[in-house]
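Please keep the sequence and the structure in view while reading.

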Amino acid sequence: MSLASVKKAESTLLLPTYDRLPIMVTHGKGVYLYDSEGNKYLDFLSGIGVNALGYSHPAITKVIQKQAAKLIHTSNLFFHAYQSELARRLVKLSGMDKVFFSNSGTEAWEGAMKLARAYSNEKSGGKKFKILALENSFHGRTFGSLATTFTEKYRKPFAPMLPGVEFVRFNDLDDLKAKFDDLVCAIGFEPVQGEGGINPVSKEFMKTARELATKHDALLILDEIQSGMGRTGKMFAYQHYGVKPDVVTLAKPLAGGLPLGAILCSNKVSAIIHPGMHGTTFGGGPLACAAAVEFLNVIEKQKLLKHTQQLGGYFLEQLRKLDARHACIADVRGVGLMIGVELDSAEVAKAVVKEMLARKIIINRTHETTLRFLPPFIVTKKQVDEVVKALDQVLTACASAAEPKSIGRGAH
Ligand code: PLP
């Protein structure tokens with residue numbers, strides 16, 4: 001099947017939710033993705049942070065093949081060997097106590113919101129119902145997640161949203177303190193905002209959120225769906241801050257490319273849960289969990305946290321050198337291999353992504369003006385150099401071709 005015929009078929013058969021790039025991917029190997037026309041792309045987006053071990057990692061492929069031949073699905077009516085094994089590993093790595101497995105990120109976040117309400121209903125008879133989220137947050141597309149997602153374009157077509165959510169200005173301590181009252185049952189946010197433009201929460205904000213949550217017996221819920229599982233050079237981004245959340249959500253790279261999400265929580269929270277309160281058909285199936293255990297094995301064996309720290313630091317350093325030379329760069333920021341380069345114009349950012357793709361390098365643009373880099377953890381220095389060099393050339397060409405126009409970053 002050709003790209004043209006697939007495109008035509010999709011246009012008549014699928015809901016038009018995606019604005020796809022004109023590329024039909026066929027396979028991947030390491031950091032490279034290949035298309036139906038024989039092109040090879042250096043992928044610095046890795047399936048929006050999912051393919052953290054790159055494509056076709058031999059250890060993941062082997063475990064999936066072996067497990068698929070034995071048992072793919074069984075439902076949560078039965079035990080199988082891998083949920084508890086994976087939970088044991090996640091609990092040890094996170095310092096949390098209990099785990100629930102879902103299928104996706106939004107479903108994990110949705111479940112975390114339910115935990116917050118259930119905790120409050122149990123502890124305060126439902127008096128506390130408010131959930132605080134942050135401006136420029138992104139937590140997913142289902143109703144609860146959407147209600148805590150800030151961006152208007154995602155929410156508007158589906159209004160009215162679920163009630164009880166209030167947004168706090170990003171890293172604004174005064175706003176946080178003003179909005180954190182006794183009606184709040186939870187504050188939930190990404191330690192490093194992904195979709196919102198790669199914005200790390202400040203140490204002070206994180207610390208204050210923890211203190212206020214404790215003071216008001218509300219839950220601190222951290223969305224590590226994009227920032228977790230090693231992306232920032234630590235297993236979880238909150239480990240850079242020295243705080244302990246009450247609930248953590250995971251997904252994206254967790255199962256080496258298979259759909260799997262997780263909610264981690266403390267014993268204090270899990271104590272209010274009883275059988276039948278929450279569940280899923282697919283979540284935590286043997287195939288996805290076996291792959292996730294192997295994902296953790298590979299991270300450990302290949303010492304990928306250290307590699308991510310080193311390569312992330314190097315990448316950031318090189319990008320900051322570009323910042324010094326290109327007037328169109330407004331900011332360079334990130335942690336580990338979660339990096340954003342904010343440009344001063346949405347048009348230039350769009351053109352840069354397109355031109356990088358023409359050079360067979362995949363990155364994307366988020367929050368209008370930010371170039372987002374989420375390369376696989378196995379990326380090499382040489383590949384980083386190749387991307388920086390291409391970006392340097394592309395920025396030079398794009399900046400002179402486009403008329404820079406200042407576009408604000410929103411309310412902060
Ligand atoms: N939370 C964050 C921080 C995300 O980046 C995403 C997806 O990009 C989600 C939640 C939603 O995850 P999913 O697309 O798996 O539902």
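## Aromatic pairs

Rings of Phe, Tyr and Trp are said to pair if their centres lie within 6.5 Å, and a pair whose planes are over 60 degrees apart counts as edge-to-face. The model discussed here is a predicted one, and a search of the whole structure finds six aromatic pairs in it.

One of these pairs is made by F150 and F167, whose ring centres are 5.2 Å apart and whose planes stand at 75°, so the pair is edge-to-face. Because F150 belongs to the loop between helix 6 (143-147) and helix 7 (152-155), while F167 is in strand 6 (residues 165-168), the pair ties together parts that are 17 residues apart in sequence. With a relative accessible area of 26%, F150 is partly exposed, whereas F167, with a relative accessible area of 14%, is buried.

## A second pair and a cluster

F189 and F205 also form an edge-to-face aromatic pair, with 5.7 Å from centre to centre and 75° between the planes. Since F189 lies in strand 7 (residues 184-189) and F205 in helix 9 (residues 203-215), this pair ties together parts that are 16 residues apart in sequence. Both F189 and F205 are buried.

Elsewhere, F44, F315 and F373 form one aromatic cluster. An aromatic ring can also be considered together with a charge: K40 lies over the face of Y32, at 4.3 Å from the ring centre.

## A buried threonine

Is T232 buried or exposed? The relative accessibility of T232 is 2%, and because buried means under 20% relative accessible area, T232 counts as buried. T232 is found in the loop between strand 10 (219-223) and strand 11 (247-250), and its side chain is joined to that of H240 by a polar contact of 3.0 Å.

## The second largest pocket

Rolling a probe the size of a water molecule over the atoms shows where empty space is left. The second largest pocket has a volume of about 650 Å³. Its lining is made up of 24 residues, of which V99, F100, F101, I273 and H278 lie nearest the centre of the pocket.

Which elements each supply at least two residues of this lining? They are helix 4 (81-94), strand 4 (98-102), helix 5 (105-124) and strand 12 (261-265).

Conventions. Residues numbered from 1 in each chain as written. Predicted model: local features only at pLDDT ≥ 70, side-chain atom pairs only at ≥ 80, totals over all residues. Heavy atoms only, no water. Phe/Tyr/Trp six-rings, centres within 6.5 Å; stacked < 30°, edge-to-face > 60°. Helix = DSSP H or I, 4+ residues; strand = E, 2+ residues; numbered from the N terminus. Buried < 20%, exposed > 50% of the residue type's maximum accessible area, 1.4 Å probe, protein only. Lys NZ or Arg CZ within 6 Å of the ring centre and 35° of its normal. 1 Å grid on protein atoms, 1.4 Å probe; cavity = no way out; pocket = protein on both sides within 12 Å on 5 of 7 lines; lining within 4 Å. Points joined across faces, edges and corners; volume = space filled by probe spheres on them. Polar contact = N/O pair within 3.5 Å; in protein donor to acceptor, adjacent residues only side chain to side chain.
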